[in-house]
Structures are given as C-alpha cells and as structure tokens.
Amino acid sequence: MATKAPKTDIDEARVRVSEPKKVAVGVPAVLHALQIANEQMGIVRSVQTLARVNQKDGFDCPGCAWPEEDKRHVAEFCENGAKAVAEEATLRTVGPAFFQQHSLEDLRDHDDWWLGQQGRLTHPMILDEGATHYRPLTWDDALRAISDEIAAVDDPDETVFYTSGRTSNEAAFLYQLLVRGVGTNNLPDCSNMCHESSGSALTETIGIGKGTVSIEDVHDADLLIVAGQNPGTNHPRMLSALEKAKQRGARVIAVNPLPEAGLMRFENPQTPRGVAFGGTKIADRFVQIRSGGDQALFQAIGKHLLEVEERDGGVLDHAFIDAHTSGIDAYRDAMARADWASLTEATGMTEEVLREIAEEVRTSKATIVCWAMGLTQHKHSVPTLRDVVNVLLLQGSIGRRGAGVCPVRGHSNVQGDRTVGIYEKPSEAFLAALDREFAFTAPREHGFDTVEAIRAMRDGRVRVFMGMGGNFVSATPDTAVVEAAMARVGLTVHVSTKLNRSHVVTGRRAIILPTLGRTDRDRRGGSEQRVTVEDSMGAVHASRGRLAPPADDLLSEVAIVARLCAHLFDEGASPAQAPVSHDGDPERGLPEHGEIEGERRSPVSTGNVPRADWEALEADYALIRSHIERVIPGFDDFETRIEKGRTFLLPNGPRDERRFATVDGKARFTANPLEFPVIPPGRLLLQTLRSHDQYNTTIYGKDDRYRGIQGGRRVVLVHAEDITELGFAEGEIVDLVSEWTRADGSIEERRAEEFRVVPYSTPRGNAAAYYPETNVLVPLDSVADVSGTPTSKAVIVRLEHRATVSGG
C-alpha cells in the first residue's frame, strides 16, 4: 500500500532546515498569531474576536482542552488558539459557486492545507452517485435524504456515527440520543485514537476514566512529570501553569524522545519577565527516553521506591495503601522480579540515572504525572499507564492537593462528549437513565470504535456514515484502507465548518452540512443560545459566540441533530420507496442477505424511539441541559451553575473523597509484564506527530518553527548517526516503508513517498514525521491492547533511496 506525495500545494523542494529553538512563545509567537489572524479575519475582526476567547462572557477556544483559572487574562489565548480561532472566524467562504468551479477529482488533488485555507462552508451540498461535482440543495431536502437513508437500513448496525471533540455537550447529548434512537451504539469518536488507553487504564485502576487534578493542583505540585507530551505546540497555555508551579517551588521532569522547546524555556508574553528578562526555565531535567520505554521508566521508579522502603522505611503512605488500595503484594513481587538490565535497555538510560529520577519522586511531597499521545499510542499503552498509577499509589498521590494523574486532552470538548454519552460501550446506568428520560429502550450491545468502524466499512457492512465535525479520513490510520472503505459506503455525511479531505473521499453519495462554529452567534427561538464544554480537568463552563455567521441560514449542530431526530422519530422517516432486494454486490458495499423480508430491525420502524419535543429543544438549549441534568450525575442545577460565566467541577470520586468505583471499591495496584518495542536491524521506530503550524489534521501553515523546519512538511527526523549507519545522507529524499508482522508471521508493507531526511536529536533507532502524511504507514490492525488505540507512536519503518535534491 502506498500514498504518493500529492500534487502538493506546498512546494516541498523549498524546505529550509535550521537549528531547533530552545525557547517557546515570546514575542515571535505573538507576532505570528497576529499575522495569521489578520490574514484570515482582518484587523478589526481579529481584535473583536480574540478579546472574547476563553472569557467568561465569551466563547471557548476551539483548540485544546486546557482549563482556565477563575481569574482570566485580557488575552486568554495562545498562539495556536489564535490560529484555531482565525481559521474558524475567517472571512473566506466556500459556497455553491466554488463547488461548481471545482470537480471532485480536482479537489482530491489538493492537500489538507489548501482545502482548509478555502474558507467557511455556507450551503448544504450533495454529491449524487456518479456525479463529478457537488450541487446545492435545501436544508429540508438534505436532512430528509439523510433520515430516509438511515430509516431504510436493514440493521441499525449498518450505520456509523462519528464525532470529534469540538462538539458541545448539548449537541453531543442529542447526537448520542439520535444514534441510540436509530438502534445502535456505533459511536466512534476521536477519543478512540488518542486517550482511550488513558480511560481504559484509569477506569480499571481508580474507577474513573479521567484525571484527578484541578488547575490549582498543578500550581501547588511539588513535582510534575510531563511525559510523552509537547505543551509548547499542543496546549501552550499549560506552560503558564507550569511557570506558576515553578514560581512556587515545583520541579519539572520532561520525558520525551524529542527535546521540545516549550519544556526548555518559556517566555510568557504577558509578563515583563517573559518579554524582557529571558522567561522561565521549565524542565529541571530532560529525560530523552527511547520511544515506548515509558513503562520501563515507571517500573524503575516503583522498583526503587519499594527497595528504599524495604531498606530504610518512610517512603510509602501505608495508611492510604491499607485503607484505599488492593493488590500491593502482587505489585511488590512483580517489581522485585523486574531486572535493571531490561529497564535500562527499554529506556536507553543507565540504572544510575533511573534511580536519580526515582529519588526525585521519593522526595516529592506531591507528585502529578501529566501525559498525552506519547504514552497512549503504543501496543502496551494501557500497562504503561497502569504503572504510572502504581507509582502514584505508593505515596498516596491520588486524592490530595497538588498530586494525581493528569491526562492532557486534545480537542476542547473531547472529555465532555464522553461524559454526555458519546461512547460505543455505554454503562447500563447511563442507558437506564436515558430510557427513563425519553421513554424508549436504548440498545445494549456495544458498538464499533473507530478501528472497528473502519473494518466494517472495509468489509461492506456499513450503509450510512455520519461525521459530526472532525476529518475522519485524514485523522484515522492506514489511509489507503480508510479511503477504500469510505468508497464502499452508500451515503457519507459530514457536519463541518471548513472543507477537508473527508469531503472529497466519499461514499457513493455524499452530503456536506455546514454548521455554526464556536465563534458564531447562535440565535434560535428568538434569543441567543449558549452551549457548554468540559475541559481536560472536569470543569464545565458556558460558551457563546458573537460573530455574524458566514451565511444567514446556517444551522448549529444542535439544530441539525434536532431536526434529524424530528424527521426520524416524529415522522417515522418513511423512505421514498420501500427497500428493494439486492444481491450483495461487493462493488456497492452491501452485505449478502438476499431478499429483504418482514419488518426491519430498526426502531424507527417499530416505534421504539426516544420521545421529546425536538422543535422546542432546537429553540432553547436550556431544555437540553435540563435533560442532561436528569440523566447524568453531577449536573444538578446545571443552568444556574453556568450563569455569569461560572465554572463548576463535575464529581470525581478519587479526587473528592478518595472513593474508587472499581471492581473491589479500592484503587488497584496491578502487576504488569514489562513490554517495549524491539527494533529490527536496519529499521527505525517511527512516531507520527504534529508540526507547530498544525492542530490535529488542520494545517495552519507550512512551518514547524520550534523544530527548525520551514516551508514544508514531508520530512523525517532521524538521529545523525542512524542516517550515516543506514547509508543515507542529510537532505536525501527517501520513501518511508512500514513493516507490519501479521499473526501468521508474514510481513505487510505500506509506503509513504518523498520525505526529506533531517538529522535531529532523537534516541538512536527512533524517528519522527508529521501526520496526516504518515498515517498511511500505521496498520489498521496495529492497536493498543485493551483500548484498541492505533499505535501511531510505534511504527517499524525502513528508509529507501529515491533521489537527492537541493534546496534545503
């Protein structure tokens, strides 16, 4: 399998490589953010819009989920937040004339950067089967076409409903209700590809799939371990919190295969120190770990703590362990058997260094471990995170001030979406509450996660795919497989603010539904509506856009879903014609089941559908919040608690009461066999990552300023000695070929063409390159144990010669 370098709109021959930066943010970040904002919005609109980002009477940034303090800065946004806002609040528009000018074939030749730069979508568009161009249609025709297609399926599990983490709580709650009213739990979301491993490990060990710290805990920590994470690019406002912690005496350990500028020095542009006096050194120690060696690091820390306790005592919090945990004996035995040779091999560090790190943990009065994708996208990610929890449990660092687990989420409401029901494996308690509230019986059988959904589409078992936000085609692994899978779906639907690749890699028919963004004024039922989001630390707050929408009749996500519910559940959504028989033609993507007889399984036809006043819910989002309040614990007095910009914390058993909703009611130590990647000779272990001019699959620009890459994206970062040893040269253009070992022992290859070799500080045997360009290399079946998360940080690749070109 291969993806050729596209007829790229970025001239990769013009890539320039310079020394990586050793400081993040500062005046250059401010100037770059303002430049992009001005290009997209103009000066006046930029000032008006940026002044409302993350303010109590404004809108939540559509970028990351890092929380705000109660006291806000006048400019409560970062460089990448400003880019995200500018992309959404752009004055550029994409309407029917654009689609008349550009055929589908033409659009497919453009890259993600070009597609995103065209502007805001303004009209519902449909791609008819066999057509070369999208054409406009009315909102009612678009929604009826979708509801008819959904109602016509023979089995509700032939539908898949995806969502990204930017969807509001209100829209997400209605969306999951729609899906369960259709009769399926096929609700894959972006969590499946990022923090699903976190949720799996934390739910098992502490009884909740979320972190246990608040922003105040970060400020009050004695030691912060920031592992597998690049705050300077992915959530820059975290640097302000780390700076405050440092000012209060905290120490920071950065654990990552790549040195990241944001964890070296932070020049806070909102303080004199940051502007004129060199900023703040963030990391006291940089641990350049081999990719995938994090489990070994935390096992080494745990082993050392137990050894010192055995020898000297005074290390473990015995009162906490005795009262609140189980499994300590099995964990102690496992760490006694762990051998230092394996721990040093996995991490690439000496025993002496590992013990020094462990000593910092031993002497800490309050430890927080923060992590992101560097820990969650490996085959052994769940055991790794169990071992993170083990270390914290030893010293009672769960449920007390300045200590705990801190998975740092990406999209701004990815955690909130999961809280309100976007999950393919819902709990019985949630479903029972949903049944009571809406007088129907929701399906109990678990649905598809993201990888399972792709397999089902690949195998012709999906007739309707709907995406609420996001860019499914570019965000998912194994690009060639995903693109072929999408082509087998009867109808693909995307609710989007901007054009992206998922609009040009479609099913046999495709519909684009444009929608309001966070920055847009949402006027329904004669008044302006607000929505809510949940940040990375379980705090909920309101968001209200104030800009005039790019089109007068643009619908919000809430309105779109409410109207679909009305079509499906109030009208019965009778299809235009009765289902017809088919022969399971694989080219049509339909399963083999012969003549359709009798009543369909769909609840839409049986009457087992949720009951609600959909028109009223569309007109007043407070009514949706009242439903959420009655269905989901912790949302009591929802409307009152978000008044006047207030933020409230959702209940968190481990943090609030040291209460653990696990199988035995206690926080659980676990004994996990050590795992780490073994790299074959002549190969490299590739991790996919973002550039600085990027947020997930949205490409803001052509540079990765902090890593010294300007003007291009098709680069592979490799240790200089590996480049020489493997027989390549700096600047050489190579193909990346991934090697995946099947269960039968055979090797399956995937290819990404034309990448420039760039020497970089990375552990020997490790390499890095940007996604989505390298998603083609990630095998669909290479997933984390337990969580099913794609292993995008652990791809075995070899480099192949192509040609050497100048210009870099």
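This is a predicted model: local features need pLDDT of at least 70, side-chain atom pairs count only at pLDDT 80 or more; totals for chains, interfaces and linings use all residues.
Helix H8 covers residues 169–182, and helix H29 covers residues 621–631. Their axes come within 10 Å and cross at roughly 65 degrees. Two packed helices are described by the angle between their axes and the distance between the axes. Angles of 65 to 115 degrees count as roughly perpendicular. H8 and H29 are therefore roughly perpendicular to each other. Their crossing is left-handed.

Which residues of H8 meet H29? On the H8 side they are Asn169, Glu170, Phe173 and Leu174. On the H29 side they are Tyr621, Ile624, Arg625, His627, Ile628 and Val631. By type, the residues of this contact divide into six nonpolar, two polar and two charged.

Strand E9 spans residues 223–227, and strand E10 spans residues 251–255. The two pair in the parallel sense over five bridges. Leu223 stands opposite Arg251 in E10.

Another parallel pair involves strand E26, residues 684–689, and strand E33, residues 766–770. This pairing also runs over five bridges. Here Leu689 stands opposite Tyr770 in E33.

Is E26 mostly covered or uncovered? Strand E26 is mostly covered: six of its six residues are buried. In a regular strand the side chains alternate between the two faces of the sheet. In E26, Leu684, Leu686 and Thr688 point one way. Leu685, Gln687 and Leu689 point the other way. All of these residues are buried, whichever way they point.

Is Asn38 buried or partly exposed? Asn38 counts as partly exposed, because its relative accessibility is 38%. Leaving aside residues up to four places away in sequence, Asn38 touches Ile43 and Ser46. Asn38 and Ala86 are 48 residues apart in sequence. In space, these two are 8.1 Å apart, C-alpha to C-alpha.

Definitions and conventions
Residues are numbered from 1 along each chain as its sequence is written. Side-chain values use heavy atoms; hydrogens and water are left out. Two strands pair if DSSP finds at least two bridges between them. Helices (H or I, at least four residues) and strands (E, at least two) are DSSP runs, numbered from the N terminus. Axes are lines fitted to C-alpha atoms, for helices over the stretch in contact, and angles run from 0 to 180 degrees between N-to-C directions. Angles under 35 degrees count as roughly parallel, over 145 as roughly antiparallel, 65 to 115 as roughly perpendicular and the rest as oblique. A crossing is left-handed if the near helix is turned anticlockwise from the far one by less than a right angle, and right-handed if clockwise. Contact means heavy atoms within 4.5 Å. Ala, Val, Leu, Ile, Met, Phe, Trp, Tyr, Cys and Pro count as nonpolar, Asp, Glu, Lys and Arg as charged, and the others, Gly among them, as polar. Buried means under 20% relative accessible area, exposed over 50%, partly exposed in between (1.4 Å probe, protein chains only).
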